[in-house]
Amino acid sequence: MAIAAVLWDIDDTLFDYTTADRTGMRAHLLAERLLDRYGSVEEALAHWRRITDAQWARFSAGEVSFEEQRRDRVRVFLGRPELTDAEAESWFARYLRHYESAWALFPDVLPALDALAARYRHAVLSNSSLRVQEHKLRLLGVWDRFEAVLCAAELGVSKPEARAFHAACEALGLAPHQVAYVGDHPEIDGRGAAEAGLLSVWIDRTGAVSDGGSGGPRDAGPHRISSLAELPAVLGADTRFGAPSTFG
């Protein structure tokens, strides 16, 4: 059966998260007079991302709420566990203002969405919250491009769990093999979508991640592309091995 819908990741797939994160964090650290604590912006960002990953894991495990993991990110980053909820939220809000001022889509996003609009339905599956991602997609001017936006905070399950991908397929009323998933992370997006039975498309814009030999992402089935300009050809030539047969 042909692909009927494209399910999208947002951060570093549609939205240039990495650039916005660096630009926003640098401006925030300068404003908060914290940059001198680190050798470089990259060092500060690496620390922030390690903390973010650890706190997100707690959220994914159901140990804390989405808001609690945000507040704890601030407390750990600053080394100030005594911060009240209000103080942590205020610090995070100031960071967000700098971060949001740097938001932008990748240049290939609108041309790809335009090229695919007539033939495919479009939806989003993100490991974030609907409140966060709706705000982001509206500010970037593409909210109306998607008929459904599903996020881990509301679903109660995160990628790469197959249940997350299947919930999105159910929202579209389609079987997994009728849906393509496009994301930037080789494991969370690429392998996760492939193992859930979707046509998995891994966008590797930098080429920094290797295939990893016999254990690499390609073995699980993702199609690797470096630009969304390549996506229409992938969707029009679905040649996955093991895809359910439409003959019978």
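**Group meeting: contacts and cores in a predicted model**

R94 forms a salt bridge with E32, with 2.8 Å between the closest N and O atoms. By salt bridge I mean a side-chain nitrogen of Lys or Arg within 4 Å of a carboxyl oxygen of Asp or Glu. R94 sits in helix α4 and E32 in helix α1, so this contact ties together parts 62 residues apart in sequence. Helices here are DSSP runs of H or I with at least four residues, strands are runs of E with at least two, and both are numbered from the N terminus.

Some ground rules. This is a predicted model, where local features need pLDDT of at least 70 and side-chain atom pairs count only at pLDDT 80 or more, while totals for chains, interfaces and linings use all residues. Residues are numbered from 1 along each chain as its sequence is written, and side-chain values use heavy atoms, with hydrogens and water left out.

Back to that first pair. The cut-offs: buried is under 20% relative accessible area, exposed is over 50%, and partly exposed lies in between, with a 1.4 Å probe and protein chains only.

The whole structure has 21 salt bridges. Take D9 and K159: their side chains meet at 3.0 Å, N to O. D9 is in the loop between β1 (5–8) and α1 (17–32), and K159 is in the loop between α7 (152–155) and α8 (162–172), so the pair ties together parts 150 residues apart in sequence. Both residues, D9 and K159, are buried.

Next, K136 and D11. Their salt bridge is 2.7 Å, N to O. K136 belongs to helix α6 (residues 130–139), D11 to the loop between β1 and α1, and they are 125 residues apart. K136 is buried at 2% relative accessible area, whereas D11 is partly exposed at 23%.

K136 has a second contact. It lies over the face of W103, 5.7 Å from the ring centre. The rule for a charge over a ring: NZ of Lys or CZ of Arg within 6 Å of the ring centre and within 35 degrees of the ring normal. R205 does this as well, with its charged end over the ring of F106, 3.7 Å from the centre.

**Aromatic pairs**

How many aromatic pairs does the structure hold? There are 17. Rings of Phe, Tyr and Trp (its six-membered ring) pair if their centres lie within 6.5 Å; planes under 30 degrees apart are stacked, over 60 edge-to-face, the rest tilted.

One of them is W56 with F66, edge-to-face, 6.0 Å centre to centre and 85 degrees between the planes. W56 comes from helix α2 (residues 41–60) and F66 from helix α3 (residues 66–78), 10 residues apart. W56 and F66 are both buried.

Y99 and W103 also pair edge-to-face, at 5.5 Å and 85 degrees. Y99 is buried at 7% relative accessible area. W103 is buried at 11%. Both rings belong to a cluster linked by ring pairs, whose members include F15, Y38, W91, Y99 and W103.

**Helix α3**

Now the helix that carries F66. Helix α3 is mostly covered, with 10 of its 13 residues buried. Among the buried ones are F66, R70, D72, V74 and L78.

**Cores and cysteines**

Which residues touch the most other members of the largest nonpolar core? They are W8, F146, L228, L231 and L235, in a core of 53 residues. A nonpolar core is a set of buried Ala, Val, Leu, Ile, Met, Phe, Trp, Tyr and Cys residues joined through side-chain atoms within 4.5 Å. Helix α4 (residues 85–100) gives the most to this core, six residues. Another core lies apart from it, with 18 residues, L7, L174, Y181 and A193 among them.

Last, cysteines. The disulfide count is zero, taking a disulfide as a pair of cysteine sulfur atoms within 2.5 Å. C151 is buried at 2% relative accessibility, and C169 is buried at 1%.
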